[in-house]
Amino acid sequence: MNLRHLRCFIAVAEELHFGRAARRLHVEQSPLSRTIRQLEADLGVTLLERTPRGVRLTPAGQVFLEEARRVLLTLEQAQTKARAVAAGHRGTLRIALAGGVGRTRLSALLALCREEAPEVGIRLFEAPLSQVVGGLGNDLYDAAFAMAGEIDAGVVAMPVWQDPLVVAIPARHPLLAHKRVPLEEVVGYPLVLCHPQVCAECSRQCERLLRLVETPSVVAEYVTTHSLMLALVAAGYGVGFSTAAHVVARRQADVIVRPLDEDSAALTTYLLHPEGAMSEPLRHFIDRAQRVGHMPLDTQRLA
């Protein structure tokens, strides 16, 4: 068994189809199938169940997929650290991103790190929250940003950024009569919300906000990306929620943004890190993240 076997298995396990996995790897399907069978023979277990429509992971295959990803990630991090040292960096911080982290805040933090600690490299990883939490426990990541504040034991979740919620409204809409839109008025119109299965923590925070009013909300559509939300709002499907940090990064002439007239209407971003002692570079990184959280956004661009 070698790294090529692992990469082949990961591709098949993620695509759940030998043909698609072969195209992704730029190989023929028959050699790929032989590689997987050789891997299963080496392990002495069945990783995949073949079906007429594709493949399914066995329980052993699911466990092996998680471990294979971890092995390749560890190798990638080892390469990154070696290159960082060769380039003159004194260390590298491995920062995971789970869910939608505001680009404006993240850009400001990275710029501040480059200005104040150019000798410390920063490697970013995007992953689901469950994978991020596991990676923090297994020393795959030094810290992470997420919308979740309730995390398993062994991981500390500290709020670092609070971004006010704003309402994305189609042009020529009755809500534009308000400079600050009351939440009770917003729920009187169909909503375009983030998908609860894809953006679970963001969705949970929005649900808590909507429970502040007695009027039941009507969801016109659930979306998985901020850009799709803006497109549907522009098309008149409904109104959506965003944050000041997201909105200052992009503007659309056919979508108007207004702040909510609700003091508690904000999304909280948390910095996660393992319990216990932390390195000096990580301690300084957390300090910079908190400082960025107190920096004012260019709210003049919200009008």
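Residues are numbered from 1 along each chain as its sequence is written, and side-chain values rest on heavy atoms, with hydrogens and water left out. In this predicted model, local features need pLDDT of at least 70 and side-chain atom pairs count only at pLDDT 80 or more, whereas totals for chains, interfaces and linings use all residues.

The chain is divided into domain 1 (3–70), domain 2 (90–160 + 268–301) and domain 3 (161–266), with bounds from an automatic or database domain assignment. A distance of 33 Å separates the C-alpha centres of domain 1 and domain 2. An unreviewed UniProt entry lists residues 1–58 as "domain: HTH lysR-type"; UniProt positions are given in the numbering used here, feature names are shortened, and annotations may be inferred rather than shown by experiment. Residues 1–58 are 62% helix and 14% strand, and the end C-alpha atoms of the span lie 19 Å apart. Helices (H or I, at least four residues) and strands (E, at least two) are DSSP runs, numbered from the N terminus.

The axes of helix H1 (residues 3–15) and helix H2 (residues 18–25) come within 8 Å and cross at roughly 130 degrees. Axes are lines fitted to C-alpha atoms, for helices over the stretch in contact, and angles run from 0 to 180 degrees between N-to-C directions. H1 and H2 are therefore oblique to each other; angles under 35 degrees count as roughly parallel, over 145 as roughly antiparallel, 65 to 115 as roughly perpendicular and the rest as oblique. The crossing of H1 and H2 is right-handed, meaning that the near helix is turned clockwise from the far one by less than a right angle. Arg7, Cys8, Ile10, Ala11, Val12, Glu14 and Glu15 of H1 meet Phe18, Arg20, Ala21, Arg24 and Leu25 of H2, contact being heavy atoms within 4.5 Å.

H1 also pairs with helix H3 (residues 29–43), the two axes coming within 10 Å and crossing at roughly 110 degrees. H1 is therefore roughly perpendicular to H3. Arg4, His5, Cys8, Phe9 and Val12 of H1 contact Leu32, Thr35, Ile36, Gln38 and Leu39 of H3.

Helix H5 (residues 103–116) and helix H11 (residues 280–293) have axes that come within 9 Å and cross at roughly 130 degrees. H5 and H11 are thus oblique to each other, and H5 passes H11 in a right-handed crossing. The contact involves Arg105, Ala108, Leu109, Leu112, Cys113 and Glu116 of H5 together with Phe285, Arg288, Ala289, Arg291, Val292 and Gly293 of H11.
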